[in-house]
Amino acid sequence: MDHSRIEGAAELVDERPQQDVEKGRRNRTGATPAPQAVTAWNETSTEWPPMVMEEVLRRENLLRAYQRVKSNGGAPGIDGMSAEELGPHLVRRWEAIREELLAGRYRPALVRSVEISKPSGGVRHLGIPTVLDRLIQQALLQVLQPHFDATFSEESFGFRPQRNAHQAVVRARAHIAAGYSWVVDMDLKDFFDRINHDVLMARLARRIEDRRILHLIRLYLQAGLLEGGLVSPRVEGTPQGGPLSPLLSNVLLDELDRELQRRGHRFVRYADDCNVYVRSRRAGERVLDALERFLAKRLRLQVNRAKSAVDRPWRRRFLGYTVTVQKREVKLRVSPEAVRRLKEKLRRLFRSGRGRSLGRVIQQLEPVLTGWLEYFRLAEVGACFEELDKWLRRKLRCILWRQWKRPRTRAKELAKRGLDRERARIYAGNGHGPWWNAGAAHMHLTVPTRFLTQLGLPSLLQTHRRLQSLARTAVYGTVRTVV
């Protein structure tokens with residue numbers, strides 16, 4: 001027996017810090033992002049490791065893959081094994097697993113199927129591989145990603161190292177500002193569920209020569225879905241959830257990018273969200289018809305006509321943002337739909353907060369608001385932040401009014417907070433509901449904004465202005481930093 005291989009497996013679970021490893025983060029779709037910190041290749045170099053199984057199973061590559069999977073955590077697959085339990089399993093079984101991978105005999109486990117609700121309606125299918133298969137997929141990704149990513153379009157921003165949604169939104173604004181004031185907002189019908197395996201594998205085979213890697217990827221595509229105790233064979237699609245899924249989707253849609261570039265179109269694509277910018281409605285309709293034919297013929301994908309449209313960009317949304325035109329200047333703003341979704345999420349927190357102190361409720365709100373603000377920091381119109389501030393304060397006052405319950409308690413609390421007793425008694429028994437009272441003058445006087453701020457409630461408007469100021473300083477200041 002080759003003891004060096006077992007030692008390599010043991011080193012995978014060594015908890016001592018060996019390298020600085022980026023904290024694992026999940027993206028807006030739930031899939032594992034490609035590694036951007038400790039990698040075996042330099043993203044500014046063209047000297048990448050070869051796309052062969054031996055490179056996938058190289059000790060350093062596996063160590064980084066293990067660290068990424070372990071830091072990401074995530075739910076167990078069908079075998080119930082957690083990321084914490086993966087290390088001991090590798091020590092016991094890695095020798096045999098490695099031999100199976102090298103010989104092309106390895107068979108992935110079934111994928112646990114999970115459905116989550118889409119914000120726009122319907123459900124999204126997630127496939128949760130076992131933690132061992134996530135490790136192998138991550139190791140594959142680290143070897144394949146640099147080769148494919150180097151040839152992807154500059155207009156593609158989704159699930160790629162050093163690229164993000166903010167860059168896509170800024171690029172879209174630039175196209176609109178350049179006079180392309182009509183957008184072909186194209187929606188692909190059930191994209192991840194309809195990816196044709198043969199079409200995808202043909203494009204991978206153009207670049208990957210190692211048949212073991214190609215065979216393993218096809219097995220991952222065809223791995224059955226386990227849902228409710230029943231196994232469903234998979235003949236198309238790649239459920240979101242595995243580390244390889246984002247790369248495979250970009251490999252397939254790269255052909256769409258090349259077609260758009262060949263035709264000279266201005267476009268932005270983030271995963272399966274693709275917007276093409278044109279100068280007139282008639283041109284947009286021609287583009288949409290042509291792309292529908294191209295996708296059906298070349299990639300066997302369908303355009304969802306019900307959700308696709310040729311329209312003005314300020315009537316559509318892209319990655320949560322929309323635009324407005326003020327004095328011929330195109331500005332980004334938060335889409336009404338994004339505001340509505342935030343309110344829905346906050347309402348659930350408010351309902352769960354009944355019976356708790358206001359300070360505890362605000363503590364629950366703070367990370368949600370901070371993350372939302374961070375994503376929408378590019379917005380150049382602040383009206384929605386001011387409106388949300390008012391709505392949040394009113395919801396919190398509403399919680400207090402409900403907690404006080406009886407008119408006698410309400411009168412006592414109002415008086416304790418500064419109202420004279422007679423006015424407090426009248427307001428406490430006014431007969432109106434909690435929401436009306438939360439917006440009335442007596443609650444504004446007795447529960448002022450200053451009090452809520454002292455409890456830790458951030459001002460969205462002020463925080464947004466501070467983020468905007470920092471962004472301007474970073475770009476125009478004496479020291480230019482990364483924004």
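Analyst: What follows starts with the sheet and then moves to other strands, loops and helices.

This is a predicted model, in which local features need pLDDT of at least 70, side-chain atom pairs count only at pLDDT 80 or more, and totals for chains, interfaces and linings use all residues. Residues are numbered from 1 along each chain as its sequence is written, and side-chain values use heavy atoms, with hydrogens and water left out.

The open sheet has 4 strands in the order β6-β7-β3-β8, with antiparallel pairing. Helices (H or I, at least four residues) and strands (E, at least two) are DSSP runs, numbered from the N terminus. Two strands pair if DSSP finds at least two bridges between them. β6 and β8 (309-311) stand at the edges with a single partner strand each, so one side of each has no neighbour in the sheet. From one strand to the next, the twist averages 15 degrees. Angles run from 0 to 180 degrees between N-to-C directions, and axes are lines fitted to C-alpha atoms, for helices over the stretch in contact.

Of its 5 residues, 4 are buried. Buried means under 20% relative accessible area, exposed over 50%, and partly exposed in between (1.4 Å probe, protein chains only). β6 runs antiparallel to β7 (residues 273-278), and 5 bridges join them. Val-268 stands opposite Asn-275 in β7. Arg-269 stands opposite Cys-274 in β7. Helix α6 (residues 165-177) packs on the sheet, touching β6 and β7, and its direction makes about 160 degrees with that of β6. Helix α10 (residues 245-262) also packs on the sheet. α10 touches β3, β6 and β7, at about 170 degrees to the direction of β6. Contact means heavy atoms within 4.5 Å.

The β6-β7 hairpin has 2 residues between its strands, and Ala-271 there takes a positive phi near 55 degrees. Most residues other than glycine have a negative phi.

Now strand β3, which holds Asp-185. Asp-185 counts as buried because its relative accessible area is 13%. Its side chain makes a polar contact of 3.1 Å with the side chain of Arg-316. A polar contact is a pair of N or O atoms within 3.5 Å; within protein, one must be able to donate a hydrogen and the other to accept it, and residues adjacent in sequence count only if both atoms are side-chain atoms. Leaving aside neighbours within four places in sequence, the contacts of Asp-185 include Cys-274, Asn-275, Lys-307 and Arg-317.

Past β3, Asp-190 lies in the loop between β3 (182-187) and α7 (191-194). Asp-190 has a positive phi, near 45 degrees. At 38% relative accessibility, Asp-190 is partly exposed. Arg-328 sits in the loop between β9 (321-326) and β10 (329-334). Its phi is positive too, near 65 degrees. Arg-328 is exposed, at 84% relative accessibility.

Other strands pair as well. β1 (residues 111-117) and β2 (residues 123-128) are antiparallel over 6 bridges. Glu-115 has His-125 of β2 as its bridge partner. β1 runs parallel to β4 (residues 225-227), with 2 bridges. There Arg-112 is partnered by Leu-226.

Last, a helix pair. α4 (residues 83-103) and α5 (residues 131-149) pack at about 65 degrees, with axes 10 Å apart. Residues making the contact include Leu-86 and His-89 of α4, and Val-131 and Leu-135 of α5.
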